[in-house]
Amino acid sequence: MDRAFSSDPTPQVSAVNFEMALLDGLAANGANIRIIGALPVASYPRCKRLVVIGAPFSTVIGGVSGVLATSLNLPLVKLGIRLLTSLYHGRRMLRRGIGRNGIIVYSLHTPYVAAALWLKRLYRVPVAVFIPDLPLHMSGKRSRGLHGAIKGLDDRLLRHLMEKVDFAFPITEGVARSWLPTSLPYHVVEGIAPVFVPSSRRPRSRGQARPRILYTGSFSHIHRVVQLFAARPDLDAELVLVGGGPDLEALQQLATQDMRIKIKPFVVGEALQREFDAADFLINPRDPQWMGAQFSFPSKLFDYMTRKLPILSTRMPGIPPEYFNCFFALDEQDEIALATSLEKALAAGSSEIEARIAAGERLLSTDKSAKVVGARILKALS
């Protein structure tokens, strides 16, 4: 997986962590799971792999195995391939009696939902769909022209398909209220706690080098907050951005003008862990005025909470209030508001920082642990 992700400038690491935690939670409650899937990498030429080779696999999680389908990684073409391979492998499994208790589709992806509904019709198995985000809003910006028209058509098709499924697991209450069919039963799942090795960074002592604020992931929501940061040269902090994406060029330009801003390419494994070990704060900015804000719960917040470092995050409408004690609120209204919220967090004492980290740990180890959420999912499906 790391090899495939290394060819992708904006790999969906948080989405994979969410999915693995979901599998862990279901298996921990006795579920026997067989997977049909594909690596979530961008289409060629954004990802330099033209062909993604699949293979059977098993995971370290007991009771979980499956097959990753081979695919030609071209736009549109791979959608048809995913539909056909899902039908092919799904029929093979169902003919052998595997999966007769039900099909769970992870991600609101048209080929997978369509394939699951086709298999439902053939074999009379119930279908549930996890909705970690709405494709219409995934880019973070309103799509225009032909691309916008295609996304709008896909949204209408998905709404039609969702009328035929049996259960849904939306990421926020906003998705349930404003997007799902009114008659469809659902259970909101903001996220599931993944398992990570916490950072080994010790708390920063006053008088040491300026604090390091770290962001990891796609450069698609963060240009505004970096702009506001650059507009306040009096902020005594270093902003390190690790990843890639559509805002990369604009961010690199800001970095050439402000030595406090560091841009680094996407890394995995030990190299990524070293970035966390060197960080004092983790930042997860989102534009609260973004049209998809009410439909989105940032899975990165779960990732960050497991690192046991203080977090700066936007209070998006899709984040329930019980999370607010787990991070320092980031205000992106203007450069003054941003500076005020950053300075407040940077000036926080060790007791307040530890209290917020502990609040996140309690939430993840109880209400949002993989086993607890997995049990709720199975109960909802029973």
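Trainee: Which way do strands E9 and E10 pair?

Mentor: E9 (residues 212-218) and E10 pair in the parallel sense, over 7 bridges. Pairing here needs at least two DSSP bridges between two strands, and strands are DSSP runs of at least two residues, helices (H or I) of at least four, numbered from the N terminus. Keep in mind that this is a predicted model, where local features need pLDDT of at least 70, side-chain atom pairs count only at pLDDT 80 or more, and totals for chains, interfaces and linings use all residues. Residues are numbered from 1 along each chain as its sequence is written, and side-chain values use heavy atoms, with hydrogens and water left out.

Trainee: Which residue in E10 is the bridge partner of tyrosine 215?

Mentor: Leucine 241. Between E9 and E10 the chain passes through helix H7 (residues 223-230), a right-handed β-α-β crossover: with the strands pointing away from you, the path from the first strand over the helix to the second runs clockwise.

Trainee: And what about E11, how many bridges there?

Mentor: E10 and E11 (residues 261-264) pair over 4 bridges, in the parallel sense. Lysine 262 in E11 is the bridge partner of valine 240.

Trainee: Is E10 mostly covered or uncovered?

Mentor: Mostly covered: 7 of its 7 residues (238-244) are buried, meaning under 20% relative accessible area with a 1.4 Å probe, protein chains only (exposed is over 50%, partly exposed in between).

Trainee: New topic. What does methionine 162 touch?

Mentor: Its contacts (heavy atoms within 4.5 Å) include Leu108, Val129, Trp179 and Leu184, not counting residues up to four places away in sequence.
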